[in-house]
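Hi,

Here is the structure I promised to pass on.

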Amino acid sequence: MRRVKNVGIKRVASLLLCGLLLSGLGGQLGSAAGMASAQAPEPQIIKEVSPSVVGIIGKSSGQGNGGPDDRYNLAHGSGIIVRSDGWIVTNAHVIKDLENVVVVTSDTRKYSITDTYLDEFSDVALIKINAKSLKPAKFAQSAKAVVGEKVIAIGTPVSFSLRNSATVGVISGLGRGGMDAAYRLIQSDTAINPGNSGGPLLNMKGEVLGMNSLKYSAVEIENMGFAIPAETVQYIMKQLFKYGEVKRPSLGLELTESWSAIVGLPTEDPLTVKKVVSAEARKAGINEGDVLYSIDGHPAASLVDINELFKSYTPGTTVRLLMQSDGDIVARQLVLGKGDPLLGGEELTANEMGQTGK
């Protein structure tokens with residue numbers, strides 16, 4: 001909480017005067033406030049979406065000292081119901097290394113987790129509980145969101161007893177990179193606190209624009225929260241439901257960004273090949289020190305650019321890379337591997353090599 005300093009006598013008098021003036025208009029203002037409250041959509045949205053939000057609590061492995069009060073050394077977060085039969089999406093960091101996990105729905109029913117699928121690269125996870133007739137959340141197209149649009153966050157901040165807490169703010173920025181996240185994020189000034197991770201960021205239609213994931217927490221920094229966009233969450237979920245993992249394509253290269261990209265300046269500076277990891281990349285004639293301008297005509301100025309682009313690609317796809325090697329501009333044909341998009345990955349099987357579509 002920000003401290004108020006050096007409030008003088010004149011300032012206090014001014015505040016008191018405002019209070020007196022407002023109280024003198026109590027009847028009119030009270031009536032107007034009541035009408036505004038009745039018309040505001042936020043209470044109804046929170047009421048309708050809260051049944052789709054859960055609290056998640058458990059003990060982190062290795063946490064605590066084994067003493068008599070060790071049972072209170074718990075970690076918790078939030079989750080979003082995505083299927084009526086008990087499937088829930090949350091952050092990977094919420095449930096990673098969490099033991100004896102309990103999921104609590106808005107009607108205070110408690111469940112154990114029966115299945116867990118983690119994708120730490122995106123910080124998205126799917127969990128399953130033995131429940132029926134749950135209320136799934138509706139997902140929005142976050143690409144249609146605009147800066148300044150009002151949003152609502154629902155989650156379990158600070159204490160597990162504060163489940164289904166709601167805060168309201170606006171979208172502060174879109175397509176944010178450089179946050180130690182693999183994909184671009186939505187920034188909002190909605191109050192996000194420890195435990196909100198995995199909960200929804202909602203638009204004024206009650207649709208999930210994103211999943212709250214992280215915040216800046218430092219002295220003199222306030223209300224800087226970030227959410228994984230709905231499209232990214234759905235991309236990861238689709239892969240986890242289908243394969244039990246995310247089958248990402250990999251360039252088989254370790255790349256470094258330009259100085260401009262690192263500090264967040266607008267740039268078209270290329271990426272530099274720091275290391276050639278995969279056999280396919282070596283076969284394509286790529287060498288350390290080469291620079292990468294584009295992939296299939298799409299500019300690649302940052303690592304996040306490539307991660308976003310590769311949502312629409314699969315391992316085994318052949319891509320055309322525009323590069324500079326030994327001072328010459330060249331085109332390289334590369335068959336994508338599988339794994340971390342920028343750090344090599346697994347060798348492809350013959351069947352996977354045969355895939356060419358996106």
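Let me start with a cluster: Trp87, Tyr117 and Phe241 together make one aromatic cluster. Rings of Phe, Tyr and Trp (for Trp, its six-membered ring) count as a pair if their centres lie within 6.5 Å, with planes under 30 degrees apart called stacked, over 60 edge-to-face and the rest tilted. That rule gives a count of 4 aromatic pairs. One of them is Trp87 with Phe241, an edge-to-face pair with 5.2 Å centre to centre and 80° between the planes. Trp87 belongs to strand β3 (residues 87-90) and Phe241 to helix α5 (residues 230-243), so this pair ties together parts that are 154 residues apart in sequence. Helices (H or I, at least four residues) and strands (E, at least two) are DSSP runs, numbered from the N terminus.

Before going on, some ground rules. This is a predicted model, where local features need pLDDT of at least 70 and side-chain atom pairs count only at pLDDT 80 or more, while totals for chains, interfaces and linings use all residues. Residues are numbered from 1 along each chain as its sequence is written, and side-chain values use heavy atoms, with hydrogens and water left out.

Back to that pair: are its two residues buried or exposed? For accessibility, buried means under 20% relative accessible area, exposed over 50%, and partly exposed in between (1.4 Å probe, protein chains only). Trp87 is buried, at 12%, and Phe241 is partly exposed, at 28%. Phe241 also has Arg83 over its face, 3.6 Å from the ring centre; the criterion here is NZ of Lys or CZ of Arg within 6 Å of the ring centre and within 35 degrees of the ring normal.

The expected span is 1.5 Å times one less than the number of residues, and for the 14 residues of α5 that gives 20 Å, which agrees with the 20 Å between its end C-alpha atoms. Among the buried residues of α5 are Ala230, Tyr235, Ile236 and Leu240. Just after the helix, Gly244 has a positive phi of about 80°.

Asn100, in strand β4 (residues 98-104), has a phi of about 50° and is exposed at 68% relative accessibility. Val158 sits in the loop between β7 (150-155) and β8 (165-176); its phi is near 65°, and Val158 is exposed as well, at 59%.

Now for confidence. pLDDT is the predictor's confidence in each residue, from 0 to 100. The chain averages 82, and 79% of the residues score at least 70. Among the elements, β3 has the highest mean (98) and helix α1 (residues 9-24) the lowest (33). Residues 1-29 have pLDDT below 50, and this stretch has 3 contacts beyond near neighbours in sequence, a contact being heavy atoms within 4.5 Å. Residues 344-358 also stay under 50, yet the model has 36 contacts for them beyond four places in sequence. Where pLDDT is low, the predicted coordinates should not be read in detail.

Of its 358 residues, 42% count as buried. Among contacts with a separation of 6 or more, 60% come from residues 24 or more positions apart.

Cheers
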